[in-house]
Amino acid sequence: MNQKIPPAIEDLRHGTQVLYLWATWQKKHAPERPVRTTVFRKGDYRLVVHQYGASLCGILKLAEVKPRVREFHEWREPFQKVHSKLVKRGWALVSDSGEVGHVAH
């Protein structure tokens, strides 16, 4: 993700910069709640995949040690394709919320 980071954010820690990029991306591209959240693991890293709609995912890479928040990426493919590519790259599925429908309040 090659988004410009404002000067005030550049001075902050790397993890904070990544969270800023993720929040900015969510506000712009994914105004609604994710329809599915999955977690993949590989070694000391986890990928938290938030699916928004049919072909849009936001992926956060988290580590066991600081800085815990390492990267953010947008992935514009169907969730099943993202899932299969991650598995082929050695990521193991840890949890899957399944697709969440709209809940009446």
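Visitor: Quick one to start: are Trp 25 and Phe 72 buried or exposed?
Guide: Trp 25 is buried, and Phe 72 is buried as well. Buried means under 20% relative accessible area, exposed means over 50%, and partly exposed is in between, with a 1.4 Å probe and protein chains only. Keep in mind that this is a predicted model, where local features need pLDDT of at least 70, side-chain atom pairs count only at pLDDT 80 or more, and totals for chains, interfaces and linings use all residues. Residues are numbered from 1 along each chain as its sequence is written, and side-chain values use heavy atoms, leaving out hydrogens and water.

Visitor: Okay, how many aromatic pairs does the structure hold?
Guide: It holds two. Rings of Phe, Tyr and Trp (its six-membered ring) pair if their centres lie within 6.5 Å; planes under 30 degrees apart count as stacked, over 60 as edge-to-face and the rest as tilted.

Visitor: Why is the pair of Trp 25 and Tyr 52 called edge-to-face?
Guide: Because the planes of Trp 25 and Tyr 52 are at 65 degrees, with the ring centres 5.7 Å apart. Trp 25 is in helix H2 (residues 14-29) and Tyr 52 is in the loop between strand S2 (45-51) and S3, so the pair ties together parts 27 residues apart in sequence. Helices (H or I, at least four residues) and strands (E, at least two) are DSSP runs, numbered from the N terminus.

Visitor: And what about Trp 25 with Phe 72?
Guide: That aromatic pair is tilted, at 5.2 Å centre to centre and 55 degrees between the planes. Trp 25 in helix H2 and Phe 72 in strand S4 are 47 residues apart, so to speak distant parts of the chain. Ring pairs link Trp 25, Tyr 52 and Phe 72 into a cluster.

Visitor: New topic: where is Glu 74?
Guide: Glu 74 is in strand S4 (residues 69-75). Glu 74 is partly exposed, with a relative accessible area of 28%.

Visitor: Which side chains make polar contacts with the side chain of Glu 74?
Guide: The side chain of Trp 25 does, at 2.4 Å, and so does that of Arg 76, at 2.8 Å. A polar contact is a pair of N or O atoms within 3.5 Å; within protein, one must be able to donate a hydrogen and the other to accept it, and residues adjacent in sequence count only if both atoms are side-chain atoms.

Visitor: How do S3 and S4 run?
Guide: Strand S3 (residues 57-63) and S4 run antiparallel, joined by six bridges. Two strands pair if DSSP finds at least two bridges between them. S3 and S4 form a hairpin, with five residues between them.
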